[in-house]
Amino acid sequence: MKMKLLHGIAAAALALGAGTAMADEDAELVINGDLEIVTKTDAPAHLEGAVGEIMSGWRFRDSTTQVMQMDDFDNPGMIFVDDARDMWATAEGSEGKSCMDCHGEPEDMAGVKPVYPKWNEAAGEVRTLQMQMNDCRENRMGAETWKYDAGDAVAMEALLASVSRGMPVNVATDGPGQSTWEQGKELYYTRTGQLDLSCASCHELNYGNMIRADHLSQGQVNGFPTYRLKNTKLNGIHSRFKGCVRDTRAETFSAGSPEFVALEMYVASRGNGLSVEGPSVRN
């Protein structure tokens, strides 16, 4: 009886927003006056039967928040990008190396962010960009690894996202990483928690509706890392996953866990064709 009541409350909250228009569904994102960002496009083939078109979370924000992302001077996430540029050039660890020593300028890494998470042949596993960054720190620099989805790690990911802005997300769904992708897909559609909700319950079946004060998006991650006005800091993908899972009143996984790595791979692939736009600004 209690479970039915909770599920009914959640359903009613979603229904209250039925038919609500998006913040500005005709808006187009152009950063710094010249960098055009694809925020709406045809869904990738693997989403056939689920959604016909995919939309960035930017389209679901109010105009004030949208405008903040249209100029790097107004985007608070760019402060962390500037910090990461300093880290990029700083030598660390027993090898006395910096990121720049191996990889050149940050701009030379354009095209890296759009394909992550991806299969790493040498490691025999799917890796997120943060996992790969920590592997470099440990095995090439002899430096301490960064805490997942926190501080320096998420700032560096924001830097690598920023130099790929405008490039299309292109995460592989086949090949040796397919089993991880399939695991992520299963997690996406599995209902959990006291509210008996899955990722799809909000982000596939009810996007565009309002739940309390939140305008539900498709849950795309092409804008991550994202600066959230709610907590006034840069947020990584796994931290957002944790928040969503907790909202269903379920036990969550840890940032960097195999479950969230798989879920990130699947969710990122749902945005194939959208532009990388991180660091984005969200509520």
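For the packing entries I take axes as lines fitted to C-alpha atoms, for helices over the stretch in contact, with angles running from 0 to 180 degrees between N-to-C directions. Helices (H or I, at least four residues) and strands (E, at least two) are DSSP runs, numbered from the N terminus. I note that this is a predicted model, in which local features need pLDDT of at least 70 and side-chain atom pairs count only at pLDDT 80 or more, while totals for chains, interfaces and linings use all residues. Residues are numbered from 1 along each chain as its sequence is written, and side-chain values use heavy atoms, with hydrogens and water left out.

**Entry: helix 5 and helix 6**

I looked up helix 5 and helix 6 (residues 151-162), and found that they pack at an angle of about 110°, with their axes 10 Å apart. That makes the two helices roughly perpendicular (65 to 115 degrees; under 35 is roughly parallel, over 145 roughly antiparallel, the rest oblique). In contact (heavy atoms within 4.5 Å) are L129, Q130 and M133 of helix 5 with A153, V154, M156, E157 and L160 of helix 6.

**Entry: helix 7 and helix 10**

Next I took helix 7 (residues 178-189) and helix 10 (residues 258-270), which pack at an angle of about 85° with their axes 7 Å apart, and are therefore roughly perpendicular to each other. Helix 7 contributes T180, W181, Q183, G184, K185, L187, Y188 and Y189 to the contact, and among the residues from helix 10 are P258, M265 and R270.

I then asked how many of the 13 residues of helix 10 are buried (under 20% relative accessible area with a 1.4 Å probe, protein chains only; exposed is over 50%, partly exposed in between). Eleven of the 13 are, so helix 10 is largely enclosed by the rest of the structure. The buried residues of helix 10 pack against strand 4 (53-55), strand 6 (125-127), helix 5 (129-141), helix 7, helix 8 (199-203) and helix 9 (237-247).

Last, I looked up an open sheet of three strands, which has the order 10-9-11 with mixed pairing (two strands pair if DSSP finds at least two bridges between them). Strand 10 (233-235) and strand 11 (280-282) are at the edges with a single partner strand each, so one side of each has no neighbour in the sheet. Strand 9 (residues 226-228) pairs with strand 11 in the parallel sense over three bridges, and T226 stands opposite S280 in strand 11.
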